[in-house]
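Colleague: Could you take a close look at the aromatic rings in this model for me? I would also like to see the surface they sit under.

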Amino acid sequence: MSKKLRTVILLISLSLSGFAQEKLSLKEAITLALAHNYDIKISKNQIDIAKNNANIGNAGMLPNLTGNYTNGGSIQNTRQTPATGPDRVITGAKSTNNSYGVDLNWTIFDGFRMFANYDRLKELQKQGELNSRLTILTTVADVITAYYDVVRQQQLVRAADSAMDVSVLRTNIAKTKLQLGRGSKLDVLTAQVDYNTDTSNYLQTKNALQVAKVRLNQLMVRDIGTSFTVTDSIDVDEGILFSKMAEIAGQQNPNVQNAFINQRIASLNLKSVRGARYPSVSLNSGYSRANSTSPTGFNQKFAANGFTYGVTASINLFNGFLQRQQERNAKIEVDNSTLNLSKAKLDVNAQLLTAYENYSTYLDLIKLEQRNVDIAKENLAITLAKYRLGSIAPLELREAQRNAIDAQNRFIEMQYQAKVAETTLKEISGNIDLGN
C-alpha cells in the first residue's frame, strides 16, 4: 500500500515538472509587479490628477471670461387708453428680444490667498507622488515576502520528501527483518503508519507551495495558475546597521515625509484664512449687443452695443466673529500637524527598532539552527545505522527522524523570518532596492 501511494506521489511530481516551468528571479518578479500591479497603476493615475490640479487657474489667478446669448419674445393682446382720443387695441402684438456678449472678471488681489492656494496645490501634488512611492515600496516589500515564501515552501517540500525517503528505508528494513525472523509485524505496521504521516505532511506542504505561488502570481498580475520555480536559497543581508537605517528613515520614510507635507499644507491654509482680512480687488469688463422689437412700446425697435468696464473692491468689516473663529481653528490645525509629525517620527522609530530587534534575533537563530541541523543529521545517520544492526528500537529511530525534520524546518523558518525582518527594515526606511 505504501509503495503504491509513493508511486502516485512520484507520478504527480513528474507530471508537474514535465511542463516547461519558468525560472523566476526576484528581480523579474519585482519588474512584473511594478509594470502591472493594479495598486501602482491607480496611484499613478492619482498623481496625474494632482498634477492636473496644480495650476494657476485652479488657484484663482487667471481671469474668468463668460459668453452669453439670449433670444426670446412674447405675444400679447393690449389695450392702451391715452389721455385724449380713443383706446388703442392691439391683438397678437409680437415682441422680440435678442442679445449676446462676453463678460470678463479678474480678481487681481485677494489678500494673497490665491498664492497660498497655488502653493497648497503644489504640496498636494508632492503628496500624491509620495503616496505613489509608498504604494510602490509596499508592493515591492509584498513581492519580496511572497517570493521568499515560495522559496521557503519549496525547501520545506524537499525536506518533507527527504523525510519520506527515511520512512521508506525504515519500512523496507522492518519488512526484511520480519522475513528473516528478526523483527515483528508490529514494527512493520508502525513504520507504515509513520510513512503515511510523513506522506500527509508532504502533500500539505506541496499544497502550501501552490498557494504561495498563487499569491505571488496575484501580486505580479498575471495568470494565477502560471507554473514557475524560484531560487533554491534565502539570502539574508547580514550587514544592516540600525544607526544607518534610522538616519535613512528620517529622510526617506514616506509617513514622515507625508507628515512634513501636511504641516506645510496646514500653514498654507492658515495663510489663506488670514487673507480674508485684506480687501479683494477685481477688474471687470464686457461687450454686449442687444436688439429688441415692441409694437406696443414707445420705441418699436431698439438696438445697442458697446463695452463696459469697472473695478470692484470689497473688504470684510464684520461677519459675526467668523473670521477670528476660522483663524483660531486654522492655528489649531497647524499645532495638530506638528504633533502628527512628532508622532510619525516616534512611530517610525518604534517600528524600526522592533524590526531590527527581530532581525538581529533571527540572525542569531539562523546560526543556532544551522548547528542543530548538522547535529540532527549526524544523529539520524548514526541512529539509522544502529537500527539496521538491530541495536535500537524503532521508536528511537523515529525520534531521531523527527528531530532532524524539526531542525531542518526551524532552520528554513528562521531564514525566512530573517528575510522578512530585513525587508521590513528597508521598507520602513524607504530604502528598498527596486531592482533587487
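Modeller: Happy to! The chain exposes about 25,200 Å², and 55% of that comes from carbon and sulfur atoms (Shrake-Rupley method, 1.4 Å probe; for residues, only the protein chains shown count as cover). This is a predicted model: local features need pLDDT of at least 70, side-chain atom pairs count only at pLDDT 80 or more, and totals for chains, interfaces and linings use all residues. Residues are numbered from 1 along each chain as its sequence is written, and side-chain values use heavy atoms, leaving out hydrogens and water.

Of the 436 residues, 34% count as buried, meaning under 20% relative accessible area with a 1.4 Å probe, protein chains only.

Now to the rings. A search of the whole structure finds seven aromatic pairs; rings of Phe, Tyr and Trp (its six-membered ring) pair if their centres lie within 6.5 Å, with planes under 30 degrees apart called stacked, over 60 edge-to-face and the rest tilted. One of them joins Tyr147 and Tyr148, edge-to-face at 5.4 Å centre to centre and 85 degrees between the planes. Tyr147 is buried at 2% relative accessible area, and Tyr148 is buried too, at 8%.

Tyr356 and Tyr359 make a tilted pair, 5.7 Å centre to centre with 40 degrees between the planes. Both are buried, and both lie in helix α8 (residues 322-389), three residues apart, about one turn of the helix; helices here are DSSP runs of H or I, at least four residues, numbered from the N terminus. Finally, Phe109, Phe112 and Tyr278 form one aromatic cluster.

Terms used
Buried means under 20% relative accessible area, exposed over 50%, partly exposed in between (1.4 Å probe, protein chains only). Helices (H or I, at least four residues) and strands (E, at least two) are DSSP runs, numbered from the N terminus.
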